[in-house]
Amino acid sequence: MAPYSLRCPSCNREYNPRELRWSCECGSPLRIEKTFTFEPLESVRGIWRYKKSLPLLEGAEPVTLGEGGTPYVKTRLFGIDVYFKLDFLNPTGSFKDRGSSLALTNLKAAGVREIVIDSSGNAGASLSAYASHAGIKCRVYVPSKASEGKKTQIRIYGADLVEVEGSRGEVTRRALGNLGSAYYASHLWSPFFPEANTTIAYEFFEEYGTPDAVVAPVGSGGLLLGIGWGFERLYKHGFSDKLPRMYAVQSAANTPVYEALYGRRPDFSEEEILAEGIAVPNPPRLSEVVELVKRSRGGVYVVRNSDIIQGLKLLASMGLFVEPTSASVVPALREMVETGEVSPGESVLAPLTGSGLKALDKIAQVLRQA
């Protein structure tokens, strides 16, 4: 296990990880710096197969519930080969379990006793579960309109749930204003969440090689960043002979990555938030996401709620029951083909991020209106 440090990509300040900083003095999120090692462990599945590739404090023992190692459904869709990564089959029903496992492993090793987080639901449920498993107290701030299934998960894992009226930004402000002696473990800022998502790239690479493109829903950006960093490291160190193009998907209700990349608003917008997992108006790692998309020669697609609903139905027809955020990749895939961003014969990795069982109230409402 190689040592690591925390570095600010904006001002280059470095911090010892035992300082337990979640942001730089300049206000930017921190990144993990460590020596890259790719030596998958034999007879081990899940993210801890790549233990030597992950940042770990000395003496840290994995806080794990069996996350990672999720299966794929390979299909021919819109004339291209699509590999749906079923990350909604993680223990709490979302890909966030990868980051929660790595984060709680390091926080427990550092002696943290209590965490505070803000979340639209999935990260809150996931961190609640892993904090409970680690014996760490957890308080979660969520929008009052978050899915009942996710709020129920948070409660049953034993966390203190605080529902907040107002915007997603207000939820963050409330959490930060009531930290007390607790550590702020938000997935929006945590350097461990994107690092844990590199394991999605490693899992795909071991089974199929490197895809031509990756398309993923983007809220905070940790999913796209992690997958992109994973493939970049494999390429840089000679394991892979190519790099995938990286495509972000945003809902018409929240388009900060699109606006930052193209310098304009999309041609359409919506007020109603259906895909709550990507309803992040000010992602801390915005500049990092934009730079990743640029250097990979990828792009950003904005999808309407009506398109997301059609994506839900198409995936359901394949036997895949996911939440609206996950389904946003389907209309993006269609548009990628129609605009020539992906050509026939190319392959695309598309992670499905959250279970439909976590958003039954929203999906039931959609079906009633159909």
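What share of the contacts in the protein chain with a separation of 6 or more comes from residues 24 or more positions apart? Such residues account for 71% of those contacts, where contact means heavy atoms within 4.5 Å. This is a predicted model, in which local features need pLDDT of at least 70 and side-chain atom pairs count only at pLDDT 80 or more, while totals for chains, interfaces and linings use all residues. Residues are numbered from 1 along each chain as its sequence is written, and side-chain values use heavy atoms, with hydrogens and water left out.

**Overall fold**
- The protein chain holds 12 helices and 13 strands, taken as DSSP runs (H or I of at least four residues for helices, E of at least two for strands) and numbered from the N terminus.
- With a radius of gyration of 19 Å, close to the 21 Å that the globule rule gives for 370 residues, the protein chain is as compact as a globular protein of that length; the radius is taken over C-alpha atoms, and the rule is 2.2 Å times the number of residues to the power 0.38.
- The C-alpha trace spans about 50 × 50 × 40 Å along its principal axes.

**Burial**
- Of the 370 residues, 60% count as buried, that is, under 20% relative accessible area with a 1.4 Å probe, whereas exposed means over 50% and partly exposed lies in between.

**Gly-277**
- Gly-277 lies in the loop between helix H7 (256-262) and helix H8 (286-295), and its relative accessibility of 26% makes Gly-277 partly exposed.
- Leaving aside neighbours within four places in sequence, Gly-277 is in contact with Ser-120, Gly-219 and Thr-325.
- The C-alpha atoms of Gly-277 and Gly-121 are separated by 7.6 Å, although these residues are 156 residues apart along the chain.
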